[in-house]
Each structure stands twice: as structure tokens, then as C-alpha cells.
Amino acid sequence: SPLEDKIVRAELPKKFNPPVMKPYDGTSDPAEHVLLYKHKIEAYSIPIDKKEICMCRGFGPTLDGVALTWYINIPNGSIKSFANLVNLFNKQFASSRA
């Protein structure tokens, strides 16, 4: 996993599932995908101490195609926060920005 070990091993809230949304495939604005993702995550009642973990672990399942391939190929354990993940994501798909 590209996520650091403490994020991967943390227990998620029992009713948490990644948001249902159109998967990002690298062809549209990455910032829009992140904004929609954050908006959908905010609809969940997530304890504050679990929010960062949910944000990180829920993001990968919203990716498809080249975006999923990019995510899978991030070096293991290198993502330490959601902000770190979003920064890398935005840099990777900057050419798709609106």
C-alpha cells in the first residue's frame, strides 16, 4: 500500500465505506475530484480521530484507469497524510486541470 503503516493498520469506523462517486480516470480536473470526494466524506459521521484515516483509505477506491495505476505504483508507505496524497495527486494529473 502507498499509505504509511499506521494508516493501513488503523481501525476504520464499522459503517465507513468509500463514497460512491464516478471514478477518476485521469482525464478530468483532479481538483474537482478531490472537492467532490471531500464533500461526500463530510456527509459521513466520522469521529474526528478517525477522519484522516478514512480520508486516506477511502481515496484509492475512487480511482480508475491510469489514476489507479498511478496510485498503486506510489512507493509503499510513502503517503503520510491526506494532504500529502492530494498534493501528489494534483501534481500527477496537473495537465488535466480545467
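How much space lies in the largest pocket? About 180 Å³, taking a pocket as an open set of points on a 1 Å grid over the protein atoms alone, where a 1.4 Å probe fits and protein lies on both sides within 12 Å along at least five of seven lines. Points are joined across faces, edges and corners, and the volume is the space filled by probe spheres set on them.

A quick note before going on: this is a predicted model, where local features need pLDDT of at least 70 and side-chain atom pairs count only at pLDDT 80 or more, while totals for chains, interfaces and linings use all residues. Residues are numbered from 1 along each chain as its sequence is written, and side-chain values use heavy atoms, with hydrogens and water left out.

**Stop 1: the pocket.** Select Lys22, Pro23, Tyr24, Asp25, Thr27, Ser28, Asp29, Glu32, His33 and Leu36, which line the largest pocket; a lining residue has an atom within 4 Å of a point. Colour them by type and you get 3 nonpolar, 3 polar and 4 charged.

**Stop 2: the core.** Now show Phe59, Phe82 and Phe89, the residues that touch the most other members of the 24-residue largest nonpolar core. Such a core is a set of buried Ala, Val, Leu, Ile, Met, Phe, Trp, Tyr and Cys residues joined through side-chain atoms within 4.5 Å, buried being under 20% relative accessible area (exposed is over 50%, partly exposed in between; 1.4 Å probe, protein chains only). Helices H2 (30–42), H3 (51–59), H4 (65–72) and H5 (82–92) each supply at least two residues of this core; helices here are DSSP runs (H or I, at least four residues) numbered from the N terminus.

**Stop 3: helix H5.** Pick Phe82, Leu85, Val86 and Phe89, all buried in H5. They sit on the same side of H5 because they cover an arc of only 95 degrees around the axis, judged by the directions from the helix axis to the C-beta atoms. H2, H3 and H4 are among what covers the buried residues of H5. Zoom in on Phe89: leaving out residues up to four places away in sequence, Phe89 touches Tyr24, Pro30, His33, Val34, Phe59, Leu63 and Trp70, with contact meaning heavy atoms within 4.5 Å.

**Stop 4: Glu52.** Finally, select Glu52 in helix H3. Buried or partly exposed? Partly exposed, at 38% relative accessibility. Beyond neighbours within four places in sequence, Glu52 is in contact with Ser81, Phe82 and Ala83.

Conventions:
Nonpolar A, V, L, I, M, F, W, Y, C, P; charged D, E, K, R; others polar.
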